[in-house]
Amino acid sequence: MIHRYDFGSPIHTGAVVRELPVSGGAIPYFMISREHDALCFSLSLDRDDIVFGLGEANRGINKRGHLYTSWNIDDGLHTESKNALYAAHNFLLIFSKTRCFGAFFDDPGLMHFDLGYTKIDEARIISENGDLTLYIIEEATPAEIVSSLRRLTGRSYLPPKWAFGYIQSRWGYRSEADVRAIVDEHRKRRIPLDGVCMDIDYMDDYMDFTVDPAGFENLSRFCGEMADSHAHLIPIIDAGVKEKKGYDVCDEGLEHGYFCTYEDGTPFVGAVWPGRSFFPDFLRDEVRAWFGSKYHRLLDAGVDGFWNDMNEPALFYSENGIKDAYEKAMRMKDMNVGIHEFFRLRAVFADMANNPNDYESFYQTLDGRRVRHDQVHNLYGAFMTRAAAEGMTAHNPDCRRLLFARSSYIGAHRYGGVWQGDNHSWWSHILLNLKMLPSLNMCGFLYNGADIGGFNGDTTEDLLLRWLQLGVFTPLMRNHSCQGTREQEIYRFSLQEKMRDIVTVRYALLPYLYSEFMKAALTDGCMFRPLAFDYPEDETACRVEDQVMLGGECMIAPVYQQNARGRYVYLPEDMLLIRFRAAGDYDCFPLQAGHHWIDLDLHEMPLFIRRGCVIPLSRGGEWVDAVDAKDLTLLGWIGADSAYAFYDDDGLSTQVSLADGLTRITVRCGEDDTSAHGGNLTLHTHKLITD
Ligand code: GLC
C-alpha cells in the first residue's frame, strides 16, 4: 500500500511511472514542521529500528547514527566523514520487529537525512526546497516494501549479457595500440575479458562524440577488429561540452539554445576536463533528443556500450568563480599573510570546485518552467543517462546496450546502471562496495559495481585479488584506475594466475548470476539483500554489515582485510560453503547455522549456498559468448526435492519475459543416485551434496 503526500508545488522528477492520487488525512509516522522554506520530517526511532536505504550512500547497510546529504557531488575522497557522494537516492526503509515501512522523498534539491546523528533516537529529514512528494509504503515485509517502491518507479534497466563479463579500464589508454595491447595480454594469458573502457583520452581534445585521429585512426575498423577478439569498446561521454567554434556539438547547442543559462539568458560556462564548457539542459525533451542522437556516431562505428561521467555536474571552476578568485587573491597580494589570511587565500582556490554559488547561478527548463539549477540539481546525471538511453533506443529499439553513469537519482535506474565513483585502493573500500550493493538494489540500481582494485592511490596485489573475489558477484565487474597510479591490469602482477583463476569463477557462475539478475529485474526484486530481509526474526542476522544475500540461494562474505587468512562468518541457517580457487577448482563443506571461522587463503573465495538449494555452474569461458549455459553442473546441499528456476535468454533482445526465459530445474535424490531434469539442459549432479 502506497500513500502519496504532496507539499508545496512538487517538481516533476520523472522518478515514478505510476501517478497515484494524493492521500487525504494525517501523514503517518512523521511530525512535520516548516523552518522558512525548508520542510522537516521528524520521526522518533525506537531502540530496535534499523534504517535501510539511501542507495549509493556512504557508511553502513544500516544507515542509522549518521548524517547523509542528498547533493550529487564529484568528490573522489570517500572517507567515513563524507555525507554526500555522487547520487541522491532518497528512499528509507525503517524496520524492526514491531514496524516496517518505507518512505521515498521525491525531491531533486538539497536534502539532509539526519538519522540519529543529532539525537540518537530521532530521525530528521529536511528538504531545503520544501516542495516535494512523499510516498509512504506499508507492506508486511521489507522485500515487499522494496517491490512496491520499484513498481512505483518502474522496471530496472536491462544490460546485454556481455556486460556481465570482465571489463578492463584505466584512465590513460590513448590509442588503438594501447587498447589492442590490453586485449592481447588478456587473451595471451587466458584471462577472461569482454570489454575495454575508453577513458577521456580517446577523444579529440576531450570533445564529446569525437575521436582523436592520432590515436584512433579508424574507429569502425577498430571496433570490428576488437569484435573479432570478442572484446567490446566502451567509450566515456562527459556532461560538459567544450567551448570551441567549429565543434558541431558546441555550435548546435549554442545556436538552438540547448545549454543551461545564467539568469540573463547567456550560456553558463564552467570548466571540466575540456576546459571552458557548456552544459546541456537535459531536463528538456528536445535537448535530450539532440544529445542522445550524437551517440549514434559511435554506435554506427560499432560501439555498443558507454559510460556517462562528470554528470553531477562536476565543476572545477566557473567563469565567474575564477574571476572572483583572482580578484580576492589580488586584494590579498600586499597583505601581511598571517595564518588566518593564509587559510583564506588557500580556500579562495580550493573552494572553486563544485561551489554551491555556481549551482545557484544557472537555470534549466522543466516542463516549460524556468528553474534555478540548485532546486533540481540531483536530476542532472539522471537526465543525461536518460538522454543516452533514449538515443540508443532510437538507434535500435531491439538491442540492449551497456550504459552506466556516475551520478543518478531514483528513476535513472530505468535507463542505465551506475558505478560507485572514484574510490581508493583501500581495504575499507572493498567493504563499502559490498555495503552499497543491497542499498543500490533497493532503489532499483541492479546493474552496478565499483572500480575493482581501487581508482585512486596505488593498489597492491593482495588488495586486487581480494577485491576481484567480491567483483566476481557484482553485475558490473570492472577493474579501473586513475592515471598516475600503479598500473593495475591483472597481468602486471606476480599473482596474475591466481587473479585470472578468480575471474574464471565469474564465468563459471555467469549463468547463475545472469539468471538471478534478470529475475530480480523482471520481478522488481533485489539481487542483493541485507540478511534482515531473509531472516527478520534473527537479531544477529539483522545487524550483519559484512555479508549480504545473493539471489534466492546464496550468501556472500568476502575477505576485506589485509593479511587475513580467512574471516568470521555468521550463518543464519545451515549452508554449504564453497571455497573457490578457479572455475573448476573448489571444495564444499556443509556447515551448521551459527558463527564460524572460515579459512581462506589469499587465492580462495567463499560462496555460501543455503541448505536445500541448488545453483547451476558452467564450465566457464574466456568471454561471455563462449560460456555454454546449456551444459551445467549443479552445486548445492540438497534435500529430497530441490529445484531452481533458471532464467536465460539471448542476452540482447529488449523484449524479454520471465515466462519465456525460465526453465525449472528439478533434482531427485533416489536411494543410490541423484538425477536432475530441466528442459533441454544437460545437467550434471556429481557436485551435489545430499543430507
Ligand atoms: C572521473 C571519473 C573517472 C575517470 C576520470 C577521467 O574522475 O570518475 O572514472 O577515469 O574522471 O575521465
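Tutor: Let's start with strand β33, which forms a hairpin with strand β34, with two residues between them. Strands here are DSSP runs of E of at least two residues, and helices are runs of H or I of at least four, both numbered from the N terminus. This is a predicted model, so local features need pLDDT of at least 70 and side-chain atom pairs 80 or more, while totals for chains, interfaces and linings use all residues. Residues are numbered from 1 along each chain as its sequence is written, and side-chain values use heavy atoms, without hydrogens or water.

Now trace the partners of β33. With β34 (residues 585-591), β33 pairs in the antiparallel sense over seven bridges; strands pair if DSSP finds at least two bridges between them.

How covered is β33? Eight of the eight residues of β33 (residues 575-582) are buried, so the strand is largely enclosed by the rest of the structure. Buried means under 20% relative accessible area, exposed over 50%, and partly exposed in between (1.4 Å probe, protein chains only).

Next, the cysteines. The structure holds zero disulfides, a disulfide being a pair of cysteine sulfur atoms within 2.5 Å. C613 is buried, with a relative accessible area of 16%. The closest cysteine sulfur to that of C613 is in C554, 7.8 Å away, which is too far for a bond. C669 is partly exposed, at 27% relative accessible area. Its sulfur is 13 Å from the closest cysteine sulfur, that of C613, again too far for a bond.

Finally, step back to the whole protein. It is divided into domain 1 (2-153), domain 2 (166-315 + 354-419), domain 3 (317-352) and domain 4 (422-476 + 484-691), with bounds from an automatic or database domain assignment. The C-alpha centres of domain 1 and domain 3 lie 38 Å apart.

The largest pocket is lined by 17 residues, and Y157, L158, T393, R414 and T654 lie nearest its centre. Helix α10 (residues 380-395) gives the most to this pocket's lining, with four residues.

Helix α10 turns up again at the second largest cavity, where it supplies the largest share of the lining, three residues. That lining draws at least three residues from each of domain 1 and domain 2. As for the largest cavity, β5 (66-70) and β6 (87-88) each supply at least two residues of the lining, and the largest share, three residues, comes from β5.

Terms used: On a 1 Å grid over the protein atoms alone, a cavity is a set of points where a 1.4 Å probe fits but cannot get out, and a pocket is an open set with protein on both sides within 12 Å along at least five of seven lines; lining residues have an atom within 4 Å of a point.
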